[in-house]
Amino acid sequence: MLRLILFLVVAIVLAAVAVWLADQPGRVVVEWGGVVRSYAVGTAVALLAAIVAAAIVLFEILRWLGAVPTRWRRASRQRRAMRGYEAMVRGLIAAASGDRAAAAHHGREAARLAPERSGTLLLEAQTAQLDGRDEDAARAFRAMLGDPATELLGLRGLLSQAMKAGDRVEALELARRAYRLNPRTPWVLQTLFELLTRAEQWQEALGILDGLARGGHVEPSVARRRRAILLHMMAQALQREARLAEALATERRALRADPTFVPAAIAASQLALEAGRRRLARKLLETSWAAEPTPELARAWLALPPSDPPSRLYDRARRLETIRPDHVYTQLTLGEVALAGDRLAMARQHLTRAEALGGTARVYRALAELEAREGDEEKAERWRQRAAEARPDKAWVCADTGEILAGWEPFGPTGTFDSVHWSEPPRLTRLAAADGQGTLLVGAATPVEPLLPVTSRPPVPAQPTAAAA
């Protein structure tokens, strides 16, 4: 609509000018080269307009002809760049496919046609990596650092080479530089976190873990557990420096982050005992027991002062039942303590309930011990057979290899941080050994330390039968 109005306004103005010129009297006289010409005003204006238009057309034609060489050179450069781009893409595809010959051929072509492209440097680096020329690859990656568009990619390549060479110090510095450049990239956060944990830089790793959690790169439960682990390792370092009060405070932070993390609860309880705070030591263990009962917690709780003989520990252990009565390890703990204190009736009651809550190999072994103590070896053997076929008890298991470890460790046998979890081991499992070889077992019984040293009593002799008499 606006264009139509503008067109009408211009047309009206031009028509008015034309009418005005036609109405003006007089003539225009032109003398050139001895020739005199006389024109009406309107005719003279029309001729002048025609001459100007012709001049403009001629100028444009001459300018177009003058720009032909420039356009030809530009088109040639574009064709060359396109060929270089195609060679670069084909080379990258060949490198990703592992075709070293094709990658090298296309890399040379790309370097000849488009040497200034950043992708050419990437292709050169990948080709060098395929050929095993690490120095050439590193040179190409370092060249990428000069361009902001490829700096992060160059750092990733150099970081990968440093980790491959086992140079963790250099890898950590590169990871920190990549983090300063782009602190939100997932691979940067994950790589830096892994390197920081291996370097035992627990405090810095804690900050990176917060970034991973905020970005949604780790599950909330995993973030909580790893935060507890990092705080626990920080507390261990403080304890080695004899900073016991700070160590206790840090262990308590770890326990608040994840109450189910047993090593923090036990360590915090021990530190509280050393500080003379018996009530706090007891409370810390009970807090973790409320979250998830485990044999390690029960053993630590039963070891709290004052020391009682096995015959009196049962009354103390009943406190655990008030916290988590319907858990298999609660009833198993009470059953084992009663068995150690020679309270066989109470032991049967708790072990029977433990079986109903979810019988495990340890429950059946305890029932076998109970029957043996009461002199019924036939029933004891049946419980032992069931123990061999039952699902194994939870233990510290490496999530990478499935190996059962004697205790928790921050790094598993493969060197991976947070790969040792309290979980039920697989039926086909490997017991970790000191030499790293291990023993492959099918339906292996979980190697769990007994809660109390149980002194086996000889079975009650059977009553003679009438025939024997």
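**Surface patch, loop and helix**

Met1, Leu4, Ile5, Phe7, Leu8, Val9, Ile12, Val13 and Val17 form a nonpolar surface patch of about 920 Å². Patch members have over 30% relative accessible area and no salt bridge, with nonpolar side chains (Val, Leu, Ile, Met, Phe, Trp, Tyr) joined within 5 Å; a salt bridge is a side-chain nitrogen of Lys or Arg within 4 Å of a carboxyl oxygen of Asp or Glu. Areas come from the Shrake-Rupley method with a 1.4 Å probe, and for residues only the protein chains shown count as cover. This is a predicted model: local features need pLDDT of at least 70, side-chain atom pairs count only at pLDDT 80 or more, and totals for chains, interfaces and linings use all residues. Residues are numbered from 1 along each chain as its sequence is written, and side-chain values use heavy atoms, leaving out hydrogens and water.

Leu8 is partly exposed because its relative accessibility is 44%, where buried means under 20%, exposed over 50%, and partly exposed in between.

Thr360, by contrast, is buried, at 4%. Thr360 belongs to the loop between α18 (344-358) and α19 (361-373). Its side chain makes a polar contact of 2.5 Å with that of Asp393; such a contact is a pair of N or O atoms within 3.5 Å, one able to donate a hydrogen and the other to accept it, and residues adjacent in sequence count only if both atoms are side-chain atoms.

Key. Patches are made of residues with over 30% relative accessible area and no salt bridge: like charges are joined within 9 Å, nonpolar side chains (Val, Leu, Ile, Met, Phe, Trp, Tyr) within 5 Å. Buried means under 20% relative accessible area, exposed over 50%, partly exposed in between (1.4 Å probe, protein chains only). Helices (H or I, at least four residues) and strands (E, at least two) are DSSP runs, numbered from the N terminus.
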